[in-house]
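This report describes selected features of a single protein chain. The sequence and the model are shown first, and the discussion follows.

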Amino acid sequence: MSMTAPPGLTFLFRLAIPQIFSLLASYVALIFLKGQRPAFSAFSTWIYLICGLLLRPLLLSARSWYSEVSDNRKAVELGAVQPPMVQGSSNELRSAILQSFSHGYTEDTISVIKTRLGQGYPIEFQDVVARFTLDSATEFLFGKDVGSLGANLPYPEDSPLANHPSILNHPSNVFVRAFMQGQIQTAFRARFGKMWPLKEIFSDKVLPHRRQVDEFVNPILEERKKQHLAMAATEKAGDDGEGETFLDDLIKHTADNQVIKDELVNILVAGRDTTASLLTFCIYVLTERPDITERLRCEIMDKVGPNARPTYKIISEMKFLRAFINETLRLYPAVPFNGRTTKNPVVFPRTETQPAYYVPAGVKCQYSVFLMHRRADLWGPDVLEFDPDRFLDERLHKYLTPNPFIFLPFNAGPRICLGQQFAYNETSYFLIKFLQAFTDFQIAWDVQPESSRPPVSWKPAPGTTKGRDKVLHASHLTMNVKEALWVRMKDASTIEI
């Protein structure tokens, strides 16, 4: 195993090299000047060295100042102003952000849920849908799933089986823990900004988790590469791409194993976490709204029936199901924050409440999808109410149709999420089969972690979401229910429709 220097030490080394060269240049210049002009010897050598040390930071500050003045002039020429600065020091803002911080797979999922319910335990739903999407995504990407649904589902903390070694040490659970912790640490890096290496002076906090993920991926990668070589040698490699996985396509285009693994992990995050987040909040809503559960089940019984598998055509005809998914994405977007970097200077148009803003090229613009989806000026006075009908009635044509960019669960424009339709179809299929099998959803408050509940002081008030939800939200790369979502449900076959 190759030794890798901790990110913090590497970062400090890169910062120190220019300073060292600046200091050496000052020292050499000082020796030269002393030899040429004796008058310079009257000054302290240390003053020259300190000036040399400060030279680079002063130059960087001067460049930043010049850039600011230049951008202000361009903004004035265009009749705009620069966006206002956020109040507070960078350290205060960073600290505040860090503190806010975590094949028939559907049928397999329903089967393991029924088994656990039969044992008398509630279901940690956030965990089980993460396993469902992980197995589904790894099958699509690698041609082999991690088998996380084959491992035992978690038990409540008060169960003697909660920390049983056979569960904790199951290979798929080891993979899941490494994958999740790697994401959490990566999110901390992103939120800490360019100076994140200073938090990892003595060790790389992502690397151990990435190595565990690679332990699963490497054997699959090597096996597939051997198969490709064998097929090429016997000239049996097909050109139609039928049955080809994402891994197969990557192997065709590059021989760099690191690039292949990076691409796989990137798509795995996108394919697993976002859909798991959406399904988690769908079921959370159903625990709060039995009336919506009933409407969904009625549409499912009418369009699909109590046991049949839905087709793509049938799913496309289920208007209330799509509206329910959209409303969940509106109030609980899987990716609550996002950002884009300007390629060219741009002016944000003047509005009734604010001036035109000039944004220079190369500026990263952060925006909150979560807050945009809860703005009354964009969605109407009932913006905080969960109401799927807003995607079906006149409100659709009043608010969303004339301004489609107010709804950004998958982003928009040239960089819109490539997996949008896949996510809609996977979520729809799962919910149909799930609601065929279960009903009467309730949060199991007797085992729900206390830390996942909002403070008692949070009371519903106009213009705020505090006190509206029964569970707290958390976020690393995607939004989730803090800690867990323990749910009890009933077998739908015992309920009369």
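## Strand pairing

In S9, Gln442 has Arg488 as its bridge partner. The model is predicted: local features require pLDDT of at least 70, side-chain atom pairs count only at pLDDT 80 or more, and totals for chains, interfaces and linings use all residues. Residues are numbered from 1 along each chain as its sequence is written, and side-chain values use heavy atoms, with hydrogens and water left out.

Strand S6 (residues 438-443) is joined to S9 by four bridges, and the two run antiparallel. Strand S1 (residues 123-124) is also antiparallel to strand S9 (residues 486-491), with two bridges between them; here Ile123 stands opposite Val487. Strands count as paired if DSSP finds at least two bridges between them.

## Overall composition

The chain contains 17 helices and nine strands. These elements are DSSP runs numbered from the N terminus, helices being H or I with at least four residues and strands E with at least two. Of the 497 residues in the chain, 40% are buried (under 20% relative accessible area; exposed is over 50%, and partly exposed lies in between, with a 1.4 Å probe and protein chains only).

## Helix H13

Helix H13 (residues 319-331) has 13 residues and should span 18 Å at 1.5 Å a residue, which agrees with the 19 Å between its end C-alpha atoms. The expected span is 1.5 Å times one less than the number of residues.

H13 is mostly covered, with 11 of its 13 residues buried; among them are Phe320, Phe324 and Leu331. The buried residues of H13 pack against helices H10 (257-288), H11 (290-303), H14 (369-372), H15 (376-379) and H17 (420-437).

## Two loop residues

Ser452 lies in the loop between S6 and strand S7 (473-475). Ser452 is buried because its relative accessible area is 0%. Beyond its neighbours within four places in sequence, Ser452 is in contact (heavy atoms within 4.5 Å) with Lys470, Val471, Leu472, Lys482 and Glu483.

Leu198 occupies the loop between helix H7 (171-192) and helix H8 (207-233). With a relative accessible area of 34%, Leu198 is partly exposed.
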